[in-house]
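Reader: I am new to this structure. Please show me how to read its features, one at a time.

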Amino acid sequence: MISNANDLTERLRKRLESERREIEELTASELERLAEHSRFVAGSAVRTIERDMGEATGRMRELLVKAWLRPFIVGLSLWIGICAGSWATMRWLAGSVQDRIETRDMTDLQIAGGREMLAEIEETTWGVGLREVNGVRYVTLPAGTPVVTAFTVDGRPYLELSRE
């Protein structure tokens, strides 16, 4: 019986060894299939994540460009408007000041011309002038001028003035 028990133990051990190898092979093949499936799922997930990230990045980039571009354009427009308005105002003010300077120079020339004309008139009229006081008309003579004779011509009185 001992030989039968040893044979039985040996067969049992071989059978267990064979089942263990079979289980290991099945487990290895199952693990290999699971690994391949996991690689496929992981690759698919990576591609999906990359696609979604690309789309999200594109939308974010577009949003940032719009969010940055609009204030930039508004600020640039304001800056250009302020600069152009300031320039135009300064040109207008400079032109206005220049016109006033030219007007004043012209007025000064006219005043000087008027003074020269007045001096010439006084020189050629010997200082004689006409005045009206309370409705009475008088001929004004230079100071110290003696009246020599008075006579009328065509009904108008004339005074002869002496140069002495």
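Reader: Is Glu10 buried, partly exposed or exposed, and what is its relative accessibility?

Author: Start with the terms. Buried means under 20% relative accessible area, exposed means over 50%, and partly exposed lies in between (1.4 Å probe, protein chains only). Glu10 has 30% relative accessibility, so it counts as partly exposed. This is a predicted model: local features need pLDDT of at least 70, side-chain atom pairs count only at pLDDT 80 or more, and totals for chains, interfaces and linings use all residues. Residues are numbered from 1 along each chain as its sequence is written, and side-chain values use heavy atoms, with hydrogens and water left out.

Reader: What does Glu10 pair with in a salt bridge?

Author: The general idea comes first. Side chains of opposite charge can pair when their charged atoms come close. A salt bridge here is a side-chain nitrogen of Lys or Arg within 4 Å of a carboxyl oxygen of Asp or Glu. Glu10 meets Arg13 in such a bridge, at 2.3 Å from N to O. Arg13 counts as partly exposed because its relative accessibility is 46%.

Reader: Where do Arg13 and Glu10 lie?

Author: Both lie in helix 1. They are three residues apart, about one turn of the helix. Helices (H or I, at least four residues) and strands (E, at least two) are DSSP runs, numbered from the N terminus.

Reader: How many helices and strands does the chain have?

Author: The chain has one helix and four strands. Along the sequence, the pattern reads α-β-β-β-β. Helix 1 covers residues 2–124 and includes Asp105.

Reader: How many salt bridges does the structure hold?

Author: The structure holds eight salt bridges. One of them joins Glu24 to Arg20, with the closest N and O atoms 2.7 Å apart. These two residues also sit in helix 1, four residues apart, about one turn of the helix. Glu24 is partly exposed, at 43% relative accessible area. Arg20 is partly exposed too, at 38%. Another bridge links the side chains of Arg51 and Asp52, at 3.6 Å from N to O. Arg51 has a relative accessible area of 49%, so it is partly exposed. For Asp52 the value is 37%, again partly exposed.

Reader: Which residues are linked with Arg20 and Glu24 in a network?

Author: Glu17 and Arg21 are. Salt bridges link Glu17, Arg20, Arg21 and Glu24 in a network.

Reader: How do I read a surface patch?

Author: Patches are made of residues with over 30% relative accessible area and no salt bridge; like charges are joined within 9 Å, and nonpolar side chains (Val, Leu, Ile, Met, Phe, Trp, Tyr) within 5 Å. Here Val65, Trp68, Leu69, Phe72, Ile73, Leu76, Trp79 and Ile80 form a nonpolar patch, with about 820 Å² of accessible area together. Areas come from the Shrake-Rupley method with a 1.4 Å probe; for residues, only the protein chains shown count as cover. Leu69 belongs to helix 1. At 35% relative accessibility, Leu69 counts as partly exposed.

Reader: Which residues gather in a patch of negative charge?

Author: Asp99, Glu102, Asp105 and Asp108 do, on the surface. Asp and Glu count as negative, Lys and Arg as positive; His and the chain ends are not counted. The place of a charge is NZ of Lys, CZ of Arg, CG of Asp or CD of Glu. Asp105 is partly exposed because its relative accessibility is 42%.

Reader: What share of the chain counts as buried?

Author: Of its 164 residues, 2% count as buried. The chain exposes about 15,200 Å², and carbon and sulfur atoms supply 62% of that.
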